[in-house]
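Good morning, and thank you for coming.

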Amino acid sequence: MKEEKRFRRIMAAAVAAGTAFGISGCSANINGCVYGPAPVPDNSVSQVTESSVEENTQVTSLSENSDAGDLSSSAVSNANGENSMDSTTQPDTSVSDVSTAGDDISSSSSLTDFTGSTSMEVIEDDIILAEQSNGDIEIVPDASKAQSDDEDEIDDVWENSGDKFSFSPEDNLIPCVYGPPADLG
Amino acid sequence: MKLQQLHTLYEYKKQLRKQPKLKFLFLELTMRCNEHCRHCGSSCGDVFSDELTAEQYFAFLDQVKNDFDTLPMLCVTGGEPLLRKDFFDIVSYASRSGFRWGMTSNGTLITAEMAKKLKNTGMSTISVSIDGLEHTHDDFRRSRGGFVRSVEGIKNLLQQDFLSVQVTTVVTKKNIRELEALFELMCDLDVHSWRVINIEPIGRALTLDGYTLDNDDYRHLFDFIRRKRQLGYPVTYGCQHFLGTEYEREVRDWYFLCNAGVYTASIMANGDIGACLDIERRPETIQGNILKDRFSDVWHHQFSFYRTPLSDKNEKCANCSSCDFCEGGAYHSWDYDNDQPLVCFRDVLF
């Protein structure tokens, strides 16, 4: 079964348009949240005195921007990608969400291979939904954009989005601390 | 289109102040903390902390459940809430009473067993602080080994099926050049989201030299967040500050709207009732105390302090062309002695 990532490219079309992640899916997912049984109180909270990074960790590369110097070994990653996703509890980051977003804003058309993708679908002028050879679905910028790091070349989708991205002031709720709103009431 | 939506939101805010909706209720279980962050907004650490008893929390939660048709989400915080020996007594009671709850934690105490207990007790969301790569994080939080323990705690949390495991990073002069490396770490950890916020001049950070971002840093930070979001990564800015139309709804899901007193209330460690725990604690910002006041009475009949735009207190704000959208900014970043914003992005971002 294909591993899905939580912290991955999601809904690029919607995100680039400013509608971002989690708009429709978060509250829906919360409805599926079921509390576990009440635990037996255990007051044995204690300071962790020893902790080690798991064996299956590796040093990640630092960016050119990092001036971390001898800190390079501190960035660790999980090589096994062991934290699989339960799709029932995720924000609306699924491929189907992307497809929905794409349907809403484009006339899709298939393209030929590019940068290792097995198939692609244009879902916005500068955004492509590409299926990688390993089965992953990735949202990638258009090739011409992908070859450039110039931020200025990222289209202002807002300017082109018309009124497709609706706004509800009642839902304009930024959770202070806790990530996706857990209860929008 | 943004301007049109911001105007819509402005009209909504006026109505919201008349009919506030309690969505989030913060519980500051303790001021004690096993880390001693240089920037701590609450000046927590090895400090004496008034603390309500578990029984007082039970009575309070009963009251809230009785008085509100829709239960707010409980946001459990501190200090480090896991330092309370009766932590699970309190949150278990909350869960049994029907409250959803999330928590902020430094993550250092979250073993695999602890993560499982948090899951079994009904915790749905958690935010854990990572304030830089190892050396920077440990120095900033004055916690030797803290980075490794926090990362381990995050991994343990991700083994459980929580609604959201978020990492929060406070960006300062000391770690802003580590953002890309931290981004790689977030990718590898595969957290649900990464909240990246600038250091605010509150709490200990008020007297902290060499950490506050300059104007170029702010641009760098917001461009970083926007770029990652445009690529589809769940990176987000926090709730604070009006950012101007260039960045509003680009670096976070929604437009600026300070939740304090309209969506959010807080119970401080000593029982004082306020709006947001980051707001300076002084007589006019404290609205009551749950040991002597009924919380619902305070929420419904006090809080006028938070239901009047801050911009009304400051002529420059009142005359600003973005006043309707900013309204003086966030309540936690207001200089209450001089009635002016501590942070203003006008002429910086817009």
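Let me begin with a single side chain: B:F87 touches B:L29, B:V76, B:P81, B:L82, B:W101, B:M103 and B:L118, where residues up to four places away in sequence are not counted. Contact here means heavy atoms within 4.5 Å.

Before I go further, a word on the source: this is a predicted model, in which local features need pLDDT of at least 70 and side-chain atom pairs count only at pLDDT 80 or more, while totals for chains, interfaces and linings use all residues. Residues are numbered from 1 along each chain as its sequence is written, chains are lettered from A and ligands numbered from 1 in the order in which they are written, and side-chain values use heavy atoms, with hydrogens and water left out.

Which residues touch the most other members of the largest nonpolar core? They are B:F87, B:L118, B:L157, B:W194 and B:F295, and this core has 122 residues. Helix α7 of chain B, residues 179-189, gives the most to this core, namely eight residues. Another core lies apart from it and has six residues, including B:M31, B:C37, B:C40 and B:C44. A nonpolar core is a set of buried Ala, Val, Leu, Ile, Met, Phe, Trp, Tyr and Cys residues joined through side-chain atoms within 4.5 Å. Buried means under 20% relative accessible area, exposed means over 50%, and partly exposed is in between, with a 1.4 Å probe and protein chains only. Helices (H or I, at least four residues) and strands (E, at least two) are DSSP runs, numbered from the N terminus.

I turn now to how helices pack. The axes of helix α2 (residues 54-67) and helix α3 (residues 87-96), both of chain B, come within 9 Å and cross at roughly 15°. Axes are lines fitted to C-alpha atoms, for helices over the stretch in contact, and angles run from 0 to 180 degrees between N-to-C directions. α2(B) and α3(B) are therefore roughly parallel to each other. The cut-offs are these: under 35 degrees is roughly parallel, over 145 roughly antiparallel, 65 to 115 roughly perpendicular, and the rest oblique. On the side of α2(B), the contact is made by B:A54, B:Y57, B:F58, B:L61 and B:D62, and on the side of α3(B) by B:D89, B:I90, B:Y93 and B:A94. By class, this contact of α2(B) with α3(B) has seven nonpolar, no polar and two charged residues. In this scheme Ala, Val, Leu, Ile, Met, Phe, Trp, Tyr, Cys and Pro count as nonpolar, Asp, Glu, Lys and Arg as charged, and the others, Gly among them, as polar.

A second pair involves α7(B), which packs with helix α8 (residues 215-230) of chain B at an angle of about 30°, the axes being 12 Å apart. That makes α7(B) roughly parallel to α8(B). From α7(B), B:L179, B:E180 and B:F183 make the contact, and from α8(B), B:H220, B:L221, B:F224, B:R227 and B:K228. By class, the contact of α7(B) with α8(B) has four nonpolar, one polar and three charged residues.

Is B:L221 buried or exposed? B:L221 has 0% relative accessibility and so counts as buried. Leaving aside neighbours within four places in sequence, B:L221 is in contact with B:V171, B:L179, B:V196, B:N198 and B:L213.

Next, the loops. B:Y211 is found in the loop between β6 (193-198) and α8 of chain B, and counts as buried at 7% relative accessibility. B:Y211 and B:R38 are 173 residues apart in sequence, with their C-alpha atoms 9.6 Å apart in space.

Some backbone details follow. A cis peptide bond, with omega about 20°, joins B:G78 and B:G79. B:G79 is in the loop between β2 (73-77) and α3 of chain B. B:R249 is not a glycine, yet has a positive phi of about 60°; at 1% relative accessibility, B:R249 counts as buried. B:D339, also a residue other than glycine, has a positive phi near 50°, and B:D339 is partly exposed, with a relative accessible area of 28%.

Finally, chain A. Its secondary structure comes to five helices and six strands. Of its 185 residues, 42% count as buried.
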